[in-house]
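Please examine the sequence and the three-dimensional model shown below. The report that follows describes selected helices, sheets and cores in turn.

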Amino acid sequence: MPPPKDVVKIAIQMVGAIPQLIDLQQTKPLASVLKDVCDAWSLPNAEHYALQYTDGRQTYITESVRRPPTSLWPHQHGAHHSPVPFSLQNRGEIKNGSILRLTTSPDQEAERLYSGIQSNNSDVKTDSLKKLASLSQDVTFAQEFINRNGLKKIFCIVEEGNDTGEMLAHTLKAFMELMEHDFVSWETLSAAFIKKIVSYVNMNAVDASVQQLALSILENMVPTSRVLFELVKKEVTLDRLLTHLQVTNAQLQLKAMALLIALLLAATDAERQEMMDYLREKNIRQFIHKNIIHSSEPLADEMAHYLYVLQSVSLNLCERRMRTSMDPYSQEQRELLQSLRQTAFESESEAPTSNFSTERRRSLCAKEFRKLGFVNNSNPAEDLRRAPPGLLALDNMVYFSRHTPNAYSRFVLENSSREDKHECPFARSSIQLTLILCEILHVGEPCSETAQAFYPMFFGQDHFFEELFCICIQLVNKTWKEMRATQEDFDKVLQVVREQITRTLSLKPTSLELFKTRVNALNYSEILKLRQTERLHQEETLAVPVLELRERLKPELLELIRQQRLLHLCEGTLFRKISSRRRQDKLWYCRLSPNHKVLHYGDVEEGVNSPPIESLPEKIPVSDMKMLLVGKECPHTKEKSSGKQNKDVLELAFSIMYDMEEYCLNFIAPNRYEFCLWTDGLNVLLGKEMTSERTQTDLDVLLSMELKLRLLDLENISIPDTPPPIPKPPSNLNFCYDFSHAEQ
């Protein structure tokens, strides 16, 4: 706060009097200021008055706050009292133009209300309690009231239990406000008082405003000590809190949720697990999903925060398993691991493995664990030693295999039948995916005190984490196939999957089914489009002048790509021969002559990487090449059946028609990268445009780099859509400068 000026111009009001406009000297003692104000209105006993703000919380103007006495309640011994600041000055916050009110001083008001709440007249008592609830927000008044043992009187009112309805509500409100200042510890509350507060929560025939305040008091009480937590947990059952959650009164619902969250946060891990299990049995998630999240009333910010905390607490129950490495000597964990293998391959093993020798059985298990995607197939427990994700990854895999056995078997068997380099490793993917989900959902991280970001679908599904994993592990397999990935692309695939999950979660789907639909619709090609669009926006390349510059640069960069493609063809590539019956071991090599006029090819032996062009006996003049065919158009793919095993072949097949279209040279590219480079290069030789997806990717990269280099001098400068006007030519051109004079 900036230091206040010595003098501020303010207005002071008093009921029934003309306001005073004064210059308040901040260095002048407050008592002297009050005496001057009282003298102007001819008021005696200036010490009985104080200044107060007229707006906001209407706090008293003070120079300091005194520490309350150490013993406030004679009937409580050994009470702990939180320290109070020895000095609290707020007069420095008075600004020019402030409007203050002259009112009764805090000590006088505290004395009057202390007497009023003990009145036998119910109207006087109610009015006094109402005023007390309002003034107790002010720290100066609260201190004066507590110094008079005012809290003891409030306890008596509650413990006697004679007052109900409005009077009791004002009493509890005043108590709450007084306790907010931390002058007195919650641990000093009497057993009778706590018992009475609990009764208001547990009784049905109690005013809703009283129940709300009682719930708030218990909520504040729970975090202060273990004793109070255990007392509240014992006296206020979860069933009772669930009853309050099901009412239509939104405020009562909110306070019940607040107490539930306070109990969960104060509980030990074991207690929290027990409480969450019980709440799951009572279908609290479904109730919240239907009656709170999808209520006709808009969700309050405070309720959104409590739902976030409930979600976070629930997800953090996974933390223990996440941080626990697999113990290879644990019988239970080994059985879980073996169940994965048995579920996937039990139908394949026609002969019982018990008849096999130990060595044969071990070899068979290792082979099956390799098919499951474990890196260390002889000892798969080693893969699960990394924590996080630890045993949580094993739990997810077992859950997937038991609850969606068909999808699990399809995933494993489909990939175990692929080539080694193209198979998507189930176990390795599951371990990494579990870690990704833990990071996205912040498992193991402490709850934020302000966050409100919860996922509505979390409350629509029991076993949310496991069910989400089941959807996402199938997404991994789908994305793997879309990207035509190999083992080397593992990290890249999982990065795309992470992006698919985070983008879909940001849409806040209301159910897992909706999440599943949206995340599957967000395929790899869509991710690429989104990345490209975001990159364009980020680089501000959508500006008209930049787009024009892009178009001017394109021909030059496309020519660069053409040269690179032709250079790759000159280097040549090793291809395999594939028949309609089975894959052959025969290899052949094809390369373009340095002058780009002849295509040379011929059979080669295994291990030959780059044979000289003279060793390739066959050749096709480029001038004889007539057409390039790809995929299903190729003659060597038409001869084969349309089974699943030929899908990869279709995506990598291309043919060259030559010599009056009578002959074809058929290719099966070793991978998608080679397919793109060869089809582009052949199209260049045929005088056609390059059409592969790799061309666009390379062009985007080159354009991005070139634009960045060209626009370096324009960094942080906004580019206009239209060029600036050209200035008029000067009236004469007689401004030649003779440099010879300067040199002399």
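## Helices, sheets and cores of a predicted model

At 1.5 Å a residue, the 28 residues of helix 25 (residues 544–571) should span 40 Å, and this agrees with its end C-alpha atoms, which are 40 Å apart. The expected span of a helix is 1.5 Å times one less than its number of residues. Helices (H or I, at least four residues) and strands (E, at least two) are DSSP runs, numbered from the N terminus. This is a predicted model, in which local features need pLDDT of at least 70 and side-chain atom pairs count only at pLDDT 80 or more, while totals for chains, interfaces and linings use all residues. Residues are numbered from 1 along each chain as its sequence is written, and side-chain values use heavy atoms, with hydrogens and water left out.

Helix 25 has a kink of about 35 degrees at Lys554, shortly before the proline Pro555. Such a bend is the angle between axes fitted to the seven residues ending at a residue and the seven starting there. The buried residues of helix 25 include Val546, Arg550, Leu553 and Leu557. Here, buried means under 20% relative accessible area, exposed over 50%, and partly exposed in between (1.4 Å probe, protein chains only). After helix 25 comes Gly572, whose phi is positive, near 85 degrees.

**The chain as a whole**

The protein chain contains 30 helices and 11 strands. It has 744 residues, of which 46% count as buried. Among contacts between residues at least 6 apart in sequence, 67% join residues at least 24 apart; contact means heavy atoms within 4.5 Å.

Helix 20 (residues 426–440) has 15 residues and reaches 20 Å from its first C-alpha to its last, close to the 21 Å expected. Because 12 of its 15 residues are buried, helix 20 is largely enclosed by the rest of the structure. Its buried residues, among them Phe426, Leu433 and Leu437, pack against helix 15 (319–322), helix 18 (391–403), helix 19 (405–416), helix 21 (464–482) and helix 22 (490–505). Just after helix 20, His442 takes a positive phi of about 60 degrees.

In soluble globular proteins, nonpolar side chains tend to be buried together. A nonpolar core is a set of buried Ala, Val, Leu, Ile, Met, Phe, Trp, Tyr and Cys residues joined through side-chain atoms within 4.5 Å. In this model the largest such core has 152 residues, and those with the most contacts inside it are Phe175, Met257, Leu372, Ile501 and Phe515. Leaving aside neighbours within four places in sequence, Ile501 is in contact with residues including Leu433, Leu437 and Ile440. Another core, of 41 residues, lies apart from the largest one and includes Phe575, Tyr658, Leu665 and Cys676.

Phe175 belongs to helix 6 (residues 165–179). It counts as buried because its relative accessibility is 0%. Beyond its neighbours within four places in sequence, the contacts of Phe175 include Leu151, Trp186 and Ile217. Phe175 and Ile217 are 42 residues apart along the chain, and their C-alpha atoms are separated by 8.8 Å.

**The sheets**

Strands of a sheet pair through backbone hydrogen bonds, either parallel or antiparallel. Two strands are taken as paired if DSSP finds at least two bridges between them. The table lists some antiparallel pairs.

| Strand pair | Bridges |
|---|---|
| Strand 3 and strand 4 (residues 99–104) | 5 bridges |
| Strand 7 and strand 8 (residues 618–621) | 4 bridges |
| Strand 10 (residues 653–658) and strand 11 | 6 bridges |

Axes are lines fitted to C-alpha atoms, for helices over the stretch in contact, and angles run from 0 to 180 degrees between N-to-C directions. Within strand 3, Tyr49 stands opposite Thr104 in strand 4.

Another open sheet consists of 3 strands in the order 9-10-11, with antiparallel pairing. Its neighbouring strands are turned by 20 degrees against each other on average, direction ignored. Phe654 has Phe667 in strand 11 as its bridge partner. Helix 28 (residues 672–685) packs on this sheet, touching strand 9, strand 10 and strand 11.
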